[in-house]
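Trainee: Could you walk me through a model and show me how to read its features? I would like the general idea each time, and then the case at hand.

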Amino acid sequence: MAENGTATFANPDDYQAGIGGANFNLIVTGGGDFKARLTWLNLRRFHVFRGCENLPRIAFISLSPAQVFVSFPMSEGPPLTYGGLALQFGDVVFHSRSERMHQRTSGESQWGLISLPPEQLAACGKALTGLRITSPPAGRVLRPSRSAASDLLRLHSRACRLAETRHKLIANPEVARALEQELLHALVNCLTADDATGNLKTRRHHADIMVRFEDALSALRGPQLNMPALCAAIGVPERTLRVCCAEFLGMSPTRYTFCCDD
């Protein structure tokens, strides 16, 4: 039996706690009252989420190793930035197992997330394409064909509408099973697409620096924190850290540190 629902939030802490399978550390970077809406649908071990937020924010996200995760923007407004890369509407992020990464927005945003067991994805990929599709060693940004991306977005939106408005219908095992299969097929079609950008080696190197930056902040946070100590803990020059923070966070490391403590 599918579990589903939707809720609105005025507190970022409550909002981020509702996103299953992932640890979100959310920092709101825009002024005003925070408002968000989260919709979720659990089809056995296949999970669908949609988040809608009214203010810009930065999130440092840690994913569970138990599931495969795929995320994507669901609106054509201000771009969703993943790992320093501004995503186009229709792009899909195929996350690595246990990935830790930064994601930020510059205004109102809508995003989608799908998670499922790795064996389910591998089996469906083998049946549809002849290939076992598995999580990449590092997160990849894929650019599916317009039709493949449209199918995934349409089915994801339909699933969320059912979760919000048709509880009894989605509780029907046959309906839930059919929706899960449609979503899985659309997902496989998107995950066979090519990478959306080159220069992967540099982007992955910067992503690793930013994870070490978060670890150093957690270990060194306090009144004595300073840039030389932070850079020494990370093992990079200050200029490199500033470049990475501008790319991934849209702000300096000093300002981000202040926001984290606020």
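Trainee: In which loop does arginine 44 lie?

Mentor: Two notes before the answer: this is a predicted model, where local features need pLDDT of at least 70, side-chain atom pairs count only at pLDDT 80 or more, and totals for chains, interfaces and linings use all residues. Residues are numbered from 1 along each chain as its sequence is written, and side-chain values use heavy atoms, with hydrogens and water left out. Helices (H or I, at least four residues) and strands (E, at least two) are DSSP runs, numbered from the N terminus. Arginine 44 sits in the loop between β3 (36-43) and β4 (46-53). Its phi is positive, about 55°, although arginine 44 is not a glycine.

Trainee: Is arginine 44 buried or exposed?

Mentor: Buried means under 20% relative accessible area, exposed over 50%, and partly exposed in between, with a 1.4 Å probe and protein chains only. Arginine 44 has a relative accessible area of 58%, so it is exposed. Serine 98 also deserves a look: its phi is near 60°, a positive value in a residue other than glycine. Serine 98 lies in the loop between β9 (92-94) and β10 (100-104) and is partly exposed at 37%.

Trainee: Where is serine 96 found, and which residues does it touch?

Mentor: Contact means heavy atoms within 4.5 Å. Serine 96 is found in the loop between β9 and β10. Leaving aside residues up to four places away in sequence, serine 96 touches Leu63, Ser135, Pro136, Pro137, Ala138 and Gly139. With a relative accessible area of 10%, serine 96 is buried.

Trainee: Now the sheets. What is the strand order in the open sheet of 7 strands?

Mentor: Two strands pair if DSSP finds at least two bridges between them. The order here is β1-β3-β4-β11-β6-β9-β12, with antiparallel pairing. At the edges are β1 (3-9) and β12 (140-142), each pairing on one side only. For directions, axes are lines fitted to C-alpha atoms, for helices over the stretch in contact, and angles run from 0 to 180 degrees between N-to-C directions. Neighbouring strands of this sheet are turned by 15° against each other on average, direction ignored. Inside the sheet, β6 (residues 68-73) is joined to β9 by 2 bridges and the two run antiparallel; serine 71 stands opposite valine 93 in β9.

Trainee: And what is the order of the sheet with 5 strands?

Mentor: That open sheet reads β2-β5-β10-β7-β8, and its pairing is antiparallel. Strand β5 (residues 57-63) pairs with β10 in the antiparallel sense over 5 bridges, and isoleucine 61 stands opposite methionine 101 in β10. Helix α6 (residues 200-220) packs on this sheet, touching β5, β7 (81-82), β8 and β10, and its direction makes about 95° with that of β10. Helix α9 (residues 253-261) packs on the sheet as well, touching β2, β5 and β10, at about 105° to the direction of β2.

Trainee: At what angle do helices α7 and α8 pack?

Mentor: Angles under 35 degrees count as roughly parallel, over 145 as roughly antiparallel, 65 to 115 as roughly perpendicular, and the rest as oblique. Helix α7 (residues 227-234) and helix α8 (residues 238-248) pack at about 85°, with axes 9 Å apart, and are therefore roughly perpendicular to each other. Met227, Leu230, Cys231 and Ile234 of α7 make the contact with Glu238, Leu241 and Arg242 of α8.

Trainee: How far apart are the axes of α2 and α5?

Mentor: For helix α2 (residues 118-129) and helix α5 (residues 173-191) the axes are 10 Å apart, at an angle of about 75°. That makes this pair roughly perpendicular too. In the contact, Gln120, Leu121, Cys124, Gly125, Leu128 and Thr129 of α2 meet Glu180, Leu184, His185, Val188 and Leu191 of α5.
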